[in-house]
Every structure is written in C-alpha cells, then in structure tokens.
Number of protein chains: 2
Amino acid sequence: MKVSDDSTFNFFRTTAIFILSFESCLNLIAAPPQIEGDSLIRFSIKAPHAKSIKLDGGFDNIKCININTNCIENLDSLSGDLGGDYQIEALVKRPDLYLYRYIIDGVPTLDPENCYTLRDVRTLYNVVYVPGVDSEYYKVGGTVGHGAISYPWYYSDTMKADRRISIYTPPGYESNSDRRYPVLYLLHGMGGDETAWPDLGRVPQILDNMISEGKVEPMIVVMPNGNIARQAAPGVSPLGYEVPDFYLPHTMDGVFESSFPEIVNYVDSHYRTLAEKRSRAIAGLSMGGFHSMTISATYPDKFDYIGLFSAATDASSFNKETLPEIYKNRRNKVRNLYNNGIKLYWIGIGKEDFLYDMNVQLRKDLAEDGLEYTYYESDGGHEWGNWRRYLVRFLPLLFR
Amino acid sequence: MKVSDDSTFNFFRTTAIFILSFESCLNLIAAPPQIEGDSLIRFSIKAPHAKSIKLDGGFDNIKCININTNCIENLDSLSGDLGGDYQIEALVKRPDLYLYRYIIDGVPTLDPENCYTLRDVRTLYNVVYVPGVDSEYYKVGGTVGHGAISYPWYYSDTMKADRRISIYTPPGYESNSDRRYPVLYLLHGMGGDETAWPDLGRVPQILDNMISEGKVEPMIVVMPNGNIARQAAPGVSPLGYEVPDFYLPHTMDGVFESSFPEIVNYVDSHYRTLAEKRSRAIAGLSMGGFHSMTISATYPDKFDYIGLFSAATDASSFNKETLPEIYKNRRNKVRNLYNNGIKLYWIGIGKEDFLYDMNVQLRKDLAEDGLEYTYYESDGGHEWGNWRRYLVRFLPLLFR
C-alpha cells in the first residue's frame, strides 16, 4: 500500500491498517484487469477452492493460467486447492468499455480487485476499459473542459408526480450566463432509465472530449426516464432498492411520446436553450429509437435532427385493435415530418442486430417515398459498444 | 418475471428472455435481503458447493439455515453440495443503511440478487436498508419536493486544473430564479471524495425529506473533493479506473484548507447564494472535521456555523518541525473565531470512536477558554451510520 509523504497522522494510519488488513488476510492477487495492446485483457482472480470459473462477458479466445503451477487449466474443471491464483487472458474485437463478471462454482461473482461496476438493467458487471479508436472519447479528459452532469426532478403533469432527469450542460455553461445552447434529447432502451446514457453511454466524457476537439458543437444533452410508470431509476426512486424490471407498463403505449412536450417545456423554461426546431435533436437506442421516431413524427415542428440507434421501427407486431393512435400511419407521418423540413435522419444498426430486418424495411419505405437519410451499418448487434460508437458518429452532424 | 400489460413487442421479449435465461439457469433464490421489524435482516444466498460463507458487515447474532435440509449450519464448515440454498439471519442495532458482502470459500462476493452497492474507499459493498427512526430520512421521498444533485468542475488555481465538485440545490432552486440560498460546505474524510456525502451520506435524500417537513431551511450543500492531489473521485477522474488509495498526498498539509476560498468564490459566483457569513456553514467528518475546524479558524469572517463530526482535532501528532503554519496555534485561532462571533460550534463523536479522547481534549480546551459549544455523544464508532445521524441533528440548527 502506498503511504503518502505527508500522512503523518498515525491515528488515521492505524484505522486504515485495521480496515485494510482484512483484505490483506485474503492474500488476493492485487491486480485489476491489465490491458495489452488494443485487444488483449489479462484478468486475475484468486479463488482458492474453485472447481469452475466462467468469465461472463462475451470474450473470445479465453485462456486460463494457474499462476501457482504455471499450467494452462480448463476453466470448467480446475484442479482447485493448488493456490487458486488464476490469470485469464481474453481477446476483444476493438477498443471499448467491456463489462464482465465471474461465475465461480455457480455463484456470480464480481472481481474483488475491481471496484468499478455498471448496472445493466438488474445485473451488475465490472468495467474494464481498453483504450484506442473511438474509446479514447470515453475516457475522462485530463486537460479538456468539463461539462456538468446533473439530476434534477421535473413535474410531470401526465404522471402527477416529480420525475428525475439527467442533464448534461457543456463546459462554460455556468460562466457564460448570456449564451444559449442547442439541445439533444437522448433516449434509453427497454430496461434502461435516466442513468443509462450518462453511465453506460459515457455521455459526459464523449461530449467533453468531442467539444474540446472542436468536433461537436457545445450543447445541452437531456436524458429523461422513458418508463412513464417510474419516477426515477432503480435505487434513486421512492421504490427504494427494488429489483429492477426489464418490462414496465406504459413503455410503448404512446403515453411517453404524447407527453414528451412537457419535458421540452421544462428544459426550455429552466435551461438557457435555443428553443427552436433547428436547435433541437432527438435520438434514442432500441425502444428509445422507436420513441424518437414517434416523437419526431408526432411533433414535426420540434426537431431538425433525428437519430435512430438500433431502433425498433415497426409497430406492426402490436395488436392492431389496441394500437395507440400515435403509432398509426407512421409512414405518412414521417413523410409529413420530411415535408415540414428536417436536416438529418440518421439510422445506425449492427449487422447482427435482431432488429436488422426491421431497419431494412424502414429504409426501403424511406427510399420508396424519396426521403433521404444517413445510414451507418456496423458489425455487432444490440449492444452498448455500438450505441457509444453511433453517438460518436451522430454528434458531429448536429447544429452545424 | 413480471410481464407488463402492454409489452406486446415480442422481439423485445425474445431478447429479454435470452438475456435473463442465463440467470435463470443458475436457479438462484430470487431474493435480495428481507427486513423484519427494525432489526432483523434475512439474507439469501445460493452457493451450491461452498464450504464456508462469511457475512462481512459487522452484524450480530448471525444464524444460517440450509433451506434444502431446513437445518442450522455453521458458516465456517458448511455441508456443501446439498443444494446450497442458505438463509442467513442477522441482527442490527438500529434502522440504518447497512453495507455487506459475502466471502465464499475465500472469495469476496457481492450478493448476486442485490444490484445496489456503495463504494467505501476501494471496496464495494451491497446496500440493505432498514427503515425506521432517523433512517426514514435516507429514503427517497415519494411526495416530497426533490432538489437536484449536480457534478460540475471548477477551476482550481492552486492545482492549475479543473476539479469536480458535488452540489445539491434545494427543491425550487431552478424555478425561483430570484431567490438566494444559504450554503453548507460538507467535507469528507480520508479515503473519501466528492461522492462520499451524496452517496454514503444520503445528502440529497436527507435534505429533500427534512426541507419538505419544514425542519431544515432550504439550502445549497457543497461537497468538494478534499484530496488536493486528485481532480475527481476514482473512476470519474482522468486517472480512469485506478485502484483507489486511502492515503493521498496533500490531504493534511494545509493546502486544501488555505485554498478553500477558491471553492467559496466559485460557489458564490456560479450559484444564487447568500454570500455572507451568517448564511454559511462548514462541517466535515473525520479528516473533513479537521479541515472544517482549520478552515473556519483560518477564515473567521466566513462561517457562522461549524460542525465537527468524529473529527480529528489535534495537530500535535504532526512532526512539529514541519507543521504547516495553518495548523499552528489552533487554540488561539479558535478563540479568535469565537470572538469574531459565531452562531454554532457543534461537536459529535461516538463513544467507541478512536478519536474520542482527542475530542475530550478539545472540549476541555473550549470549556477552559469559556467558549460554548453544542455536544452530541452517540454510541458506536468511526462510521457512516453516525455521520448520517449527526447530519440529521446538525441541519435543523442552521440558518435559523
């Protein structure tokens, strides 16, 4: 343990040793994951009696070395009781933030040496960062200006309650008290909440870095909670430490979309926005892409920039008898949106995404109707790695 | 799994089942900790092959029941391989937020059924909430007004860099654009950072609830990072996913305290504060208590309310030859602070705190010098349970 040059406060040191000694007794390999190059991650875990360790995180070419015997072991049938210090090498496809956890003898286990986690719906994973192309934007910049992320609550007349919302204001927002800014509304997917884009999506870091490089206009980013049945994310709502639900009522029944102006009104009346169509964008991932498509088409005078990231785009799988009015005649409404004038309709989808075919159909409809759009096709599927990359490609196109 | 009334999007359901099926295969007991009354917590863990489970969290009267055999088992020598479903009962002293984790066969393991954690320095723990006296204030209120927590960065001339700071603004701050508010500066202890009071300290919840009940004046709460060698908390600083250090340079060499006016200036120039002594308070825990004592005594024209929570209070354990000027003649400086006029000097300490004797000495000095203070002695030691309780007792005394 590093002892600082000025920590002459012996009583603090005593407490620290007391607090940390329990950890030391465990004699852990003191190492969070190490990165080699832009594709190899070396994990370390001490599991003295484990018969089986799974590395849960979708990695390729996993190899396990028993540090005590220096032998390669099979993660499904470990020798166990031979010290139990393992190094597990795994390959990744590209620089990114990766989520992982272990399953040790059937028990999901977070890495005891890595105190950084992210929650994806109801499951916690450890985070490991591989620097490189794109992912450089996900890191906190050392010398760049920093915007602020804040979590106010707005009153929702629809819900008759306060609802929590995440708002990024760009560097200089507090100091330049006369300047007004354009606004991107950024929507999460099913199972997500107002913390998804700031945390998993690395919005503050991506915006700080890209604004600092002059690649992106300084803007406000508004990330509401798209689950109209919830006031706030799990753990920070009045429901307390509930078990998060992937499915919630009223996520795709049109209520969120039809009530969206109350969010825009709140933002325009509480922040120094450019409250006009050409200074507003809306984008979302998966369910949030569907929300963005519906909201932009329902309110054609509100947004000049629309982004659909791995979006659900087809309401035909709904029960047609109960299909909410707001979801009917989508094709006509989108034509109307274009006729009203927009600057960007951006579609991003992964080749392996289960919503790929739906996006093929949307593009076919747009082409038949003579409506231009920008298309970005990536590898991979329905995953945060893609949504961060889409955001990095979408942002520079806004408000220019 | 609960399926909502409107989730007719089969493609989402398919993905969800795919995502969640891995969890289901593990056949976990689907239960986060359950609370009975205000003192019994019932933990559930499935560890199919475990020979030993420790419940790390300082609980009393721990009892383990093997659900499969309905027998009481010894956590140090479990039968193992008999299903491995355990219920562990434990008693707590009072309603509070409790931190816990398991150690299963030597591996620190977070509860797979509880996605809520808090980081204390470098260790993650699960959180379990026991409602009742005091702890009712730690819960997100359902009908109360909600303030906002935000994380801007201010420029530190001392450090020549941006530094992250946590700021709570009370309910109505955004709407009442003419109103100015008093400010509490709230400082963390060694090993902490700007996230300690908002997260472990439950500041947004305590303030929302107590302001809503009219027990506390609406105020701004400013929680800076007291580690002058760091720009921000672990994980959100340019250092990335570092292993957090308990010891850091420049935590107690006087630099933080002497540079404190730059924080006050930032807050007064960027927030609608009442920028005057009678509308400013400063309090801190442990090292932050020492900081608060030093800052208030160094700048006797700045703060009318001072709070020392389990504070380090004696600089005599420093090497006297290198004792920074700002720490010298503390007793004279505190006398001068009182002479200049203050409204509250509040001292809270636990009977079992390792800093108890130091606080006895401080109170003796104050009494000898004829200086009045408010004293609150609790049970327990150097722990967040006490610091939350002290805050609940300190806040109603401010700005009245």
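Me: By class, what residues make up the lining of the second largest pocket?

Reply: In this predicted model, the lining comprises 10 polar, eight nonpolar and four charged residues. The lining has 22 residues, and those nearest the pocket centre are A:Tyr173, A:His270, B:Tyr173, B:His270 and B:Arg272. Strand E11 (148-151) and helix H5 (260-270) of chain A, together with strand E11 (148-151) and helix H5 (260-270) of chain B, each give two or more residues to this lining. The volume of the pocket is about 700 Å³.

Me: Why are H3(A) and H9(A) called roughly parallel?

Reply: The axes of helix H3 (residues 203-212) and helix H9 (residues 384-394) of chain A cross at roughly 30° and come within 11 Å. Angles under 35 degrees count as roughly parallel, and H3(A) is therefore roughly parallel to H9(A). From H3(A), A:Val203, A:Ile206 and A:Met210 make the contact, and from H9(A), A:Arg388, A:Leu391 and A:Val392. By class, five of these residues are nonpolar, one is charged and none is polar.

Me: Why are H7(A) and H8(A) described as oblique to each other?

Reply: The axes of helix H7 (residues 330-339) and helix H8 (residues 356-368) of chain A cross at roughly 55°. Roughly parallel requires an angle under 35 degrees and roughly perpendicular one of 65 to 115, so H7(A) and H8(A) are oblique. Their crossing is right-handed.

Me: Which residues make the contact between H7(A) and H8(A)?

Reply: A:Arg330, A:Arg331, A:Val334 and A:Tyr338 of H7(A) meet A:Leu362, A:Asp365, A:Leu366 and A:Glu368 of H8(A). By class, this contact has four nonpolar, four charged and no polar residues.

Conventions. Residues numbered from 1 in each chain as written. Chains lettered and ligands numbered in written order. Predicted model: local features only at pLDDT ≥ 70, side-chain atom pairs only at ≥ 80, totals over all residues. Heavy atoms only, no water. Axes fitted to C-alpha atoms, helices over the stretch in contact; angles between N-to-C directions. Helix = DSSP H or I, 4+ residues; strand = E, 2+ residues; numbered from the N terminus. Parallel < 35°, antiparallel > 145°, perpendicular 65-115°, else oblique. Contact = heavy atoms within 4.5 Å. Nonpolar A, V, L, I, M, F, W, Y, C, P; charged D, E, K, R; others polar. 1 Å grid on protein atoms, 1.4 Å probe; cavity = no way out; pocket = protein on both sides within 12 Å on 5 of 7 lines; lining within 4 Å. Points joined across faces, edges and corners; volume = space filled by probe spheres on them. Left-handed = near helix turned anticlockwise from the far one by under 90°.
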